[in-house]
Amino acid sequence: QVQLVESGGGLVQAGGSLRLSCAASGRTFSIGDMAWFRQGPGKEREFVARIGWSTGVTAYADSVKGRFTISKDNAKNTVDLQMNSLKPEDTAVYYCAARTASMSAYQYWGQGTQVTVSS
C-alpha cells in the first residue's frame, strides 16, 4: 500500500502562485508514476500533470502547460506542483495520485487539498 498526503492549498488572487506538495509513504518502491488531478465545482475529475517516479518524464494537460510544473524528490518521497499565473478556472480540489508500473489506473489517492483562485 501507498499512502499520500497533500498540503499547500489555499486562497490566492488571479495571477498569483501556489505550490502543492504530496508526501508518499509505505511501499513507495512500487510506484511507477505519480500525478495530480483536480475536480472543480460541478465538474468531473480531470488530469493535471504526471511524473515518472524513476524516469522523471513529465506530462501536462493542455490547460496548464506553461503555467504548472510538476517535480519530485525521491529522497523525500515527495511530488510538488508549482502553479503560476493562476486563473479562476483553476479553482478545484487537487488530488495527488500514484500507481504501480503495471497498472493503467491510479490506485492510490490522497484526500485532496482545496485551491481557490479569486478574480
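Buried residues have under 20% relative accessible area, exposed ones over 50%, and partly exposed ones lie in between (1.4 Å probe, protein chains only). The views below come from a predicted model, in which local features need pLDDT of at least 70 and side-chain atom pairs count only at pLDDT 80 or more, while totals for chains, interfaces and linings use all residues. Residues are numbered from 1 along each chain as its sequence is written, and side-chain values use heavy atoms, with hydrogens and water left out.

**View 1. S7 in strand β1.** Let's start with S7, which sits in β1 (residues 2-7); strands here are DSSP runs of E, at least two residues, numbered from the N terminus. S7 is partly exposed, at 39% relative accessibility. Beyond its neighbours within four places in sequence, S7 is in contact with R19, L20 and S21, where contact means heavy atoms within 4.5 Å. The C-alpha atoms of S7 and G110 are 9.9 Å apart, although 103 residues separate the two along the chain.

**View 2. The C22–C96 disulfide.** The structure holds 1 disulfide, a term for a pair of cysteine sulfur atoms within 2.5 Å. Here the sulfur atoms of C22 and C96 are 2.0 Å apart. The bond joins distant parts of the chain, with C22 in strand β3 and C96 in strand β9 (residues 92-100), 74 residues apart. The disulfide is left-handed because the torsion about its S-S bond is about -80°. C22 is buried at 0% relative accessible area, and C96 is buried at 0% too.

View 3. T28 is buried, with a relative accessible area of 13%. Setting aside residues up to four places away in sequence, T28 touches V2, W53 and N77.

How values were computed
Helices (H or I, at least four residues) and strands (E, at least two) are DSSP runs, numbered from the N terminus.
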